[in-house]
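Welcome! Please take a moment to look over the sequence and the fold before reading on.

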Amino acid sequence: MKALRNYLDKIKPNFEEGGKYQMFRSVFEGFETFLFVPNATSKSGTHIHDSIDSKRIMSIVVISLIPALLFGMYNVGYQHYTHAEIGGGFWEMFIYGFLAVLPKVIVSYIVGLGIEFIVAQWKKEEIQEGFLVSGILIPMIVPVDCPLWILAIATAFSVIFAKEVFGGTGMNVFNVALITRAFLFFAYPSKMSGDAVWVSSESICGLGKMVDGLTVATPLGMTSTGTAAPEFSMDMITGFIPGSIGETSVIAILIGAAILLWTGVASWKTMVSVFVGGAFVAWIFNTVGPDTAMAHMPWYEHLVLGGFCFGAVFMATDPVTSARTEKGKYVYGFLIGAMAIIIRVLNPGYPEGMMLSILLMNIFAPLIDYCVVQANIAQREKRMAKLN
């Protein structure tokens with residue numbers, strides 16, 4: 001690493017002001033700070049003394065997503081081979097899923113990072129690192145058969161209009177990955193809903209086979225249009241069910257949650273509150289809700305199906321768009337879980353619910369923090385009045 005550090009120091013003048021490669025200064029700085037923690041210090045404003053920067057935090061989040069991503073790749077192959085009624089071993093299924101998912105990851109990063117590079121050059125600033133996480137989240141929350149060109153358009157839209165227009169990383173109001181999914185859901189509903197989008201129907205590099213007329217609904221989709229909730233099974237926990245690429249395996253998601261909590265990157269208060277809010281409202285609907293299959297679905301099934309777990313662990317805990325006060329995190333998380341179940345039960349057109357719930361609470365996160373701060377100020381004023 002010392003040799004690499006010396007080499008970067010040697011070529012760095014070429015990328016600084018006046019150097020022959022100065023137009024690529026932001027690209028060089030982004031690459032350098034990705035490899036080495038910068039030793040620059042702030043000269044004004046708030047000073048934060050820590051040995052970790054935002055790139056390292058983003059890297060930890062990416063690592064925590066890997067178990068769900070790898071399982072999602074295998075599940076893509078497993079679902080294809082199962083519904084195509086052909087035999088296949090573990091590696092055949094995994095390689096099939098890997099080849100199906102990898103292009104989505106590549107397109108997401110090329111489009112998103114490409115826009116960030118252009119914006120950084122235009123502003124003459126260093127490349128922001130926020131898309132390191134969004135770039136891997138986006139392919140994990142879309143159906144496996146989502147066309148690449150549509151994914152590219154949605155990614156570009158979310159990066160430009162949900163992030164850059166607000167000022168870039170740390171300034172966005174909405175979760176960028178969820179805006180991508182929302183754009184896809186409303187702009188191209190046929191590619192995001194229906195029974196045929198959740199299982200890959202193509203043969204890839206000679207693996208698998210073409211499947212004509214494939215119809216496979218997710219458990220939530222069947223419940224929203226059916227008369228009874230599906231029976232609980234371990235497949236709902238392990239993840240061997242149709243669904244978005246990274247959202248099906250509760251076990252893989254919990255491994256990611258453990259990494260985030262152990263490293264202190266995510267807040268357990270937000271995470272736990274989402275599950276508490278969802279379980280509480282689901283229990284209420286089980287008791288006094290309407291006579292529908294979704295209302296009668298047991299509360300624990302609500303928590304393990306769809307994107308509930310994935311949203312609670314990786315989306316609701318986004319430090320930029322979530323509540324930042326300690327008490328506010330409890331309220332913010334509880335309302336996300338509660339609203340997700342309310343949307344699922346009362347609006348059959350949106351059986352997922354988690355996406356809209358988090359985006360809605362992204363709007364109210366600043367208000368929640370404001371109310372918490374004002375309540376603390378009022379309490380302090382009362383204590384001071386008593387002392388005087």
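## About the model

Please keep in mind as you read that this is a predicted model.

## Salt bridges

Side chains of opposite charge can pair when their charged atoms come close. The structure holds five salt bridges. One of them joins R181 and E247, whose closest N and O atoms are 3.6 Å apart. This pair links distant parts of the chain: R181 sits in helix α7 (residues 176-187), while E247 belongs to the loop between α9 (235-238) and α10 (250-263), 66 residues apart. Both R181 and E247 are buried.

Another salt bridge brings K329 together with E326, at 3.2 Å from N to O. K329 counts as buried because its relative accessibility is 15%, and buried means under 20%. E326, with a relative accessible area of 40%, is partly exposed. Salt bridges that share partners also tie K269, E326 and K329 into one network. A further pair is E352 with R344, where the closest N and O atoms are 3.6 Å apart; E352 and R344 are both buried.

Which residues make the nonpolar surface patch of about 830 Å²? They are F232, M234, F280, W283, I284, V288, W299 and Y300. Helices α11 (268-288) and α13 (299-304) each supply at least two residues of the patch, and the largest share, four residues, comes from α11.

I284 is found in helix α11. At 30% relative accessibility, I284 counts as partly exposed.

## Cysteines and a loop residue

Searching the whole structure turns up zero disulfides. Among the cysteines, C146 is buried at 3% relative accessibility, and C309 is buried with a relative accessible area of 6%.

Finally, look for Y350 in the loop between α15 (326-346) and α16 (354-387). Y350 counts as partly exposed, with 24% relative accessibility. The C-alpha atoms of Y350 and G221 are separated by 9.1 Å, although these residues are 129 residues apart along the chain.

Note on methods
Residues numbered from 1 in each chain as written. Predicted model: local features only at pLDDT ≥ 70, side-chain atom pairs only at ≥ 80, totals over all residues. Heavy atoms only, no water. Patch = residues over 30% accessible without salt bridge, like charges linked within 9 Å, V, L, I, M, F, W, Y side chains within 5 Å. Areas by Shrake-Rupley, 256 points an atom, 1.4 Å probe, with all protein chains shown as cover. Salt bridge = Lys/Arg side-chain N within 4 Å of Asp/Glu carboxyl O. Buried < 20%, exposed > 50% of the residue type's maximum accessible area, 1.4 Å probe, protein only. Disulfide = S-S within 2.5 Å.
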